[in-house]
Amino acid sequence: MPFTPTRAETHALQRSADRVALRIIRTCRIPRHEQEDLRQDLLTDLFARLKGFDPARGDLGAFAAACFDHRAIRLTERILRGRATMAPISLDDPQPGGEGPTIGDSVAEADGYGAWLGQPTDAFAVVERRIDLDRALGTLPAETLPLCAELTERSPHELAKASPTSRATLYRHLRELRLRLLVAGIPAAA
């Protein structure tokens, strides 16, 4: 029979999880409002491991402390690793490998907001893409053009909710439209 903690033990486990959550908050320097989420994560991990707890072999508090410590280490590593990959970079920082122009100097304002976020920009690719789309739209049957026009303003989900046709029919039309565009040289991921 699986072990079930008493009400008093549950409260003690919650207090212990709160202390470990505060330790994670201090170590990772994250906002205090994250404490509840961290506590819930710690308790969820503990309760998933309770099936391995044997009261004859030890105290519940010691078992919980070991589970909390292991989970806290994994959470801390994940938070710090995520923070390291998302390190903020200023547009006023010099470009790597030199003291010449800054990162902001290398991004043209005409490239748009996506360029400031590090997305690739190529004005020629945009023009070529537009020409390809115009050519592909010319090859589509006339009955698919209203659907294409609707898709420029609404998502397929919104169309399915507002359309009198069934969701399955709409998605079948979308699949056929993707295939026609693929034949015309326009990949679906565009």
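1. Start with the contacts. Of the contacts in the chain with a separation of 6 or more, 48% are between residues 24 or more positions apart. Bear in mind that this is a predicted model.

2. Secondary structure is quickly told. The chain has eight helices and zero strands. Read from the N terminus, the order of elements is α-α-α-α-α-α-α-α.

3. Next, burial and surface. The chain has 190 residues, and 24% of them are buried. Its accessible surface is about 13,800 Å². Carbon and sulfur atoms account for 57% of that surface.

4. Now the second largest pocket. Its volume is about 280 Å³. The lining consists of 14 residues. Those closest to the pocket centre are Glu-143, Leu-147, Thr-165, Leu-170 and His-173. Look at these five when you inspect the site in the 3D view.

5. Which helices each supply at least two residues of this lining? They are H6 (145-151), H7 (156-162) and H8 (167-183). H8 gives the most, with five residues in the lining of the second largest pocket.

6. How many of the residues lining the second largest pocket are nonpolar, polar and charged? Five are nonpolar, four are polar and five are charged. Among the residues closest to the centre, Leu-147 and Leu-170 belong to a class that counts as nonpolar. Glu-143 is of a type that counts as charged. Thr-165 and His-173 fall among the types that count as polar.

Note on methods. Residues are numbered from 1 along each chain as its sequence is written. This is a predicted model: local features need pLDDT of at least 70, side-chain atom pairs count only at pLDDT 80 or more; totals for chains, interfaces and linings use all residues. Side-chain values use heavy atoms; hydrogens and water are left out. Helices (H or I, at least four residues) and strands (E, at least two) are DSSP runs, numbered from the N terminus. Buried means under 20% relative accessible area, exposed over 50%, partly exposed in between (1.4 Å probe, protein chains only). Contact means heavy atoms within 4.5 Å. Accessible areas come from the Shrake-Rupley method with a 1.4 Å probe; for residues, only the protein chains shown count as cover. On a 1 Å grid over the protein atoms alone, a cavity is a set of points where a 1.4 Å probe fits but cannot get out, and a pocket is an open set with protein on both sides within 12 Å along at least five of seven lines; lining residues have an atom within 4 Å of a point. Grid points are joined across faces, edges and corners, and a volume is the space filled by probe spheres set on the points.
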